[in-house]
Amino acid sequence: MAFAEKNPSYNLRFLLIICIVLSCSIAASATIAEANALLKWKSTFKNQRPSSKLSSWVNGNTNTSFFCTNWYGVSCNSRGSIEKLNLTDNAIEGTFQDFPFSSLPNLAYIDLSMNSFSGSIPPQFRNISKLIYFNLSTNYLTGSIPFEIGLLTSVQDIDLSNNSLSGPIPSSIGNLNNLVKLHLFSNSFSGPLPSEIGNLPNLVVLGLSRNNLSKSIPSSIGNLTNLVKVYLHTNSFSGPLPFEIGNLPNLVKLDLSTNNLTGPIPSSIGNLTNLVKLHLFSNSFSGTLPYEIGNLPKLVEIGLYRNNLSGPIPSSIGNLTNLVKLYLYTNSFSGSIPSSLGNLKNLTGLYLDMNYLSGFIPVELGNMESMIQLAISQNNLIGYVPNSFGNFTNLELLCLSDNHLSGLIPLGVSNSSKLTILQLGRNNFTGFLPGNICEGGKLQYLSLDDNHLEGPIPKSLKNCQSLIRARFIGNIFIGDISEAFGVYPHLDFIDLSHNKFHGEISGNWEKSRKLGALIMSNNNITGVIPPETWNMTQLVELDLSTNNLIGELPESIGKLTGLSKLLLNGNQLSGRVPARLSVLTMLEYLDLSSNNFSQIPQTFDSFLKLHDMNLSRNMFNGCIPRLTKLTQLNHLDLSYNQLDGEIPSQLSSLQSLNKLDLSHNNLSGIIPTSFQGMKGLTYIDISNNKLEGLLPENPAFENATADSLEGNIGLCSNIPRQRLKSCPITSPGFKKKKNGNLIVWILVSILGALVILSICAGIFTYYLRKRKKHIGNNNSYADSGQTLSIFCYDGKVKYQDIIQSTNEFDPKYVIGIGGYGKVYKANLPGATVAVKKLHQTMNEEISKPVVKALTEIRHRNVVKLFGFCSHRRHTFLIYEYMEKGSLNKLLADDKEAKQLNWTKRISIIKGVANALSYMHHDRTTPIVHRDISSGNILLDNDYKAKISDFGTAKLLKMDSSNWSAVAGTYGYVAPELAYAMKVTEKCDVYSFGVLTLEVIKGKHPGDLVSALSSSSPGETPSLRSISDERLGEPEAEIREKLVKMMEVALSCLQADPMSRATMLSISTAFT
């Protein structure tokens, strides 16, 4: 004690030791508390397995540093307190309701992205006051951003992208003075962008794309002088682009594409001297392109297409010597192409097509020696193609079609060994084709139609095995057709019509195994159709019309079961029409007219898809064949034959028939009165037969001309212009009694009408009383009728039945939510259906004729649309109910995913391919789905796949101007929609490729898609590396099929849409 009194330093050291011990003890206790809090949160996760990375989170060690060093994704500061939590991409299913907000005082870094967190973002996140990095992206979060987020004043990086968050962006976000990056893209945020966004002086990246943000872009954005990247594309922003946008000197990337922005592009854009990428496409900008755009020396990409820009293209663009891509297509630019563009030596892509440019193509364009893609089609250009185009040695695409260009095609056009697409159609080119047109061996798409080209086909084209699609139509090409063309292993379509080819058709066309359309009409081809033709089972269209072919059609024609168009008219074919023709059930167009056929089949009832049938100008005799089941037939021509007997009354069952020509035959008897019910009939020609009696009371007959009725001695009509004998009005005795009985007849008619009205009034009053008593509280539905007609397998469905079966659309009956509305399960008497209740904003947009057409679509892999019900309170579509639900839900459930064995998955891929092929290629007007994803693939109890929502865009009258609002599901959308917004069948093909990989992998392939689309053939991953680990190794036969499907999927992911296969060829390859 005395020693201590004499040594005060000893006391201080002792107290210091005590403090250190106590602080260590407190720190250790705090670390354990933090760890326990995380363990408690982990216990709420739904799907954690022993093999999970989070299995390292255990509380079995008294060493406090154990949590910091051994727990996956957890990092601590020097004092042992948790400061970093990184659990990205661990398939965690959970919520944030039990997150230990108050137990992690030093947490500065949170990355929980790429999991399956759901529910809302709790406002308690405000308690993590030291938070610097906050990433909850790519989850299933819903609800709005809490206003309290504005209290995280230390945060520098916020990423909430790729969720389902909605509501407005809170104005409190303007309080985050230290914020550097803000990523909120791919959600459903709505309302305006708050002006407080301008209060973030340190903001470098602003990513708000793919939301529903609206109104004008606030001028306060000009305050963010540190901004480097601005992504506001794919929203609904409107109004002008603020002039203050020019106040962002550090801006490198500006993407405001796919909005509703209007007015001129401000000249202040010329102040953005660091700008590298400028994307303003798919808006409604108008006026001229400011000359100041030439003041941006670092600019690499300009995307201004799909606007209303007009006037000349400013020559100052020639100053942008770093420019690589210049996309100005689909505007209203006029004047000439500025020669200064020749200064752009680094330019690889120039798209000026679909404008009003005129004058000559500048010779200086040939100076752009880096050019890869050049498109100036659909303008008013004149003159020759400059010889300087021969400098394009790296050219892959050249589109000059739909202009007024003339002269020879210069030899240099084909100097590039990489030339893949050459479109020169619909100009005035003359002379021969360049001999080196396919010297590089990579030409895939060739369009030469409607020019004045002549001479033989160059040898390089005969040997051009890379060809996929070729159009030679409407020129003066000559040569023996059996020698001019070779074997093309990839060829899908070729049109040689309207030329001067001669000789016989070669049997070698059979060796072009992918050929779907072979068109050779209007030439001087002779001889018989080679027997090898009937082995081309992949054919969809065969047109050999207007030639000099002879011989008979063999029964082997029945092999072409996929044929949609068969046009053999205008030849000298003879004999009977083969009975096996009836096997071609996919036929939509059949023309055998102007031949010498003599025997007609007795029935055509197997052609359920037939739209147009022309058998005229042959030597057919006997009765008109049975045609009762051709419900889609629009045009029927049996004229100029030797048909006899009566017109069968069954023809009136052809309710879609628009034109009927039975002229110049030997038909007799009366015209069936049942023709009065043919509402679609607009044209009739029955001239030069032996018909008699009255014309049916039908507009087609009433409007028929004298020429279409003449030559029938027994026909009568009281329409003078038809020049037929008059028909008797009544019996002879009627005239004598006419005056005396007229008053009696009038009185009887009036009294009868009054009696009928009285009865109807009584019935109606009784019905209303009974209905009021029966409905009770549901009187609100009676205003506009209770029973509404639905095109359905079961006649009429009561509106009230739908209301009752869903308990007035109670949320508990919801089985799905889509972009157009919610889907409910409805148990109707005798059937269960899916009812899609549309958003109220769509109630007035329903196209009833389109609904009727879509209900007639029948394909085993397309969800059947039974019809629609339109009520002033609700509008809904009624679909076939699919028991297993969507594919994405099954793949996300381990138990269900295991039920989807490899055989079933292969069947699903085939089914989707068949459905897309049908919609793209087997209908008169192709239907593009635009949203192929695992969420739109539904399965029945037998796991048969069907595509839902086919035709919904068409049904809701969505034209090209607003397709971007529902352009597809994120992760499945074709890359060209990012710069073109041009929806084609190829967009579905890309989505199908992603879907195929998803079915094989068991989940969405994610970044693998971009990696595969850019990889070379040697870098293709193995099946084992991407196949679903939940399934066992496939057997050899199954493995072979999966490998083939994976290869097909890779071909679907080509960045260039033209390089992707068609769904027809894909479906055929899977068969």
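Is Cys-987 buried or exposed? Cys-987 is buried, with a relative accessible area of 5%; buried here means under 20% relative accessible area, exposed over 50%, and partly exposed in between (1.4 Å probe, protein chains only).

A quick note before the views: this is a predicted model, where local features need pLDDT of at least 70, side-chain atom pairs count only at pLDDT 80 or more, and totals for chains, interfaces and linings use all residues. Residues are numbered from 1 along each chain as its sequence is written, and side-chain values use heavy atoms, leaving out hydrogens and water.

**View A. Cys-68 and Cys-76 make a disulfide (a pair of cysteine sulfur atoms within 2.5 Å).** Their sulfurs sit 2.0 Å apart. The S-S torsion is about -90°, so this one is left-handed. Cys-68 is buried at 17%, and Cys-76 is buried at 18%.

**View B. Cys-438 pairs with Cys-464 in a disulfide.** The torsion about this S-S bond is about 65°, so the disulfide is right-handed. The pair links distant parts of the chain, 26 residues apart: Cys-438 is in the loop between β31 (428-431) and β32 (445-447), and Cys-464 in the loop between α4 (459-462) and β34 (469-471). Helices (H or I, at least four residues) and strands (E, at least two) are DSSP runs, numbered from the N terminus. Both cysteines are buried.

**View C. Cys-716 is joined to Cys-727 by a disulfide.** With a torsion of about 105°, the bond is right-handed. Cys-716 lies in strand β54 (residues 714-716) and Cys-727 in the loop between β54 and α7 (734-775).

**View D. Cys-1052 is buried too.** Its relative accessibility is 0%.
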